[in-house]
Amino acid sequence: EWGVDMDIYSKVIHEEPHREVRLTINEFNGIEYLHLREYYQDFDEEWKHGNKGIGIPLDMENSKQLFTALAEIISLAESKEVIEEFFGETIRDLYEK
């Protein structure tokens, strides 16, 4: 397809039969984009991206805002200790890379 590049990163964040939501990162015209997009399974059982979704440039400011929003959402539901228990190792691993 015209304008479609391979994903640099892809993670399924919600699954239903024949439908899923993926967080992906790809590059287009030298700019990396973060997408949150719905995918569906066609009749040949191949996954295709649907029309529902959003893409934003993946820059430091957008990344910081996204991380801040997710941390706020999680902290509303859980205490700091629970966040550290489940995500502490992942966060430490990211800083060591």
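The legends below accompany several close-up views of one predicted protein model.

Residues are numbered from 1 along each chain as its sequence is written. In this predicted model, local features need pLDDT of at least 70 and side-chain atom pairs count only at pLDDT 80 or more, whereas totals for chains, interfaces and linings use all residues, and side-chain values use heavy atoms, with hydrogens and water left out.

**View 1. The chain as a whole, with two helices and four strands.**
Read from the N terminus, the elements follow the order β-β-β-β-α-α, where helices (H or I, at least four residues) and strands (E, at least two) are DSSP runs, numbered from the N terminus. The mean pLDDT (the predictor's confidence in each residue, from 0 to 100) of the chain is 85, and 90% of the residues reach 70 or more. Of the 97 residues, 13% are buried, with buried meaning under 20% relative accessible area, exposed over 50%, and partly exposed in between (1.4 Å probe, protein chains only). The accessible surface (Shrake-Rupley method with a 1.4 Å probe; for residues, only the protein chains shown count as cover) comes to about 8,300 Å², and carbon and sulfur atoms account for 57% of this surface.

**View 2. The network of salt bridges that links E16, R19 and E38.**
A salt bridge is a side-chain nitrogen of Lys or Arg within 4 Å of a carboxyl oxygen of Asp or Glu, and the structure holds four of them.

With a relative accessible area of 18%, E38 is buried. Its contacts (heavy atoms within 4.5 Å), leaving aside neighbours within four places in sequence, are with R19, E20, V21, K48, H49, G50 and K52. Among the elements of the chain, β3 has the highest mean pLDDT, 94.

**View 3. The salt bridge between E20 and R22.**
The closest N and O atoms of E20 and R22 are 2.7 Å apart, and both residues are buried. E20 is also one of the residues in contact with E38.

**View 4. A nonpolar surface patch formed by F67, F86, F87, I91 and Y95.**
Patches are made of residues with over 30% relative accessible area and no salt bridge, with like charges joined within 9 Å and nonpolar side chains (Val, Leu, Ile, Met, Phe, Trp, Tyr) within 5 Å. Together the five named residues have about 600 Å² of accessible area, and the largest share of the patch, four residues, comes from helix α2 (residues 80-96). F86 is found in this helix, and F86 counts as exposed because its relative accessibility is 56%. Among the elements of the chain, α2 has the lowest mean pLDDT, 78. Where pLDDT is low, the predicted coordinates should not be read in detail.
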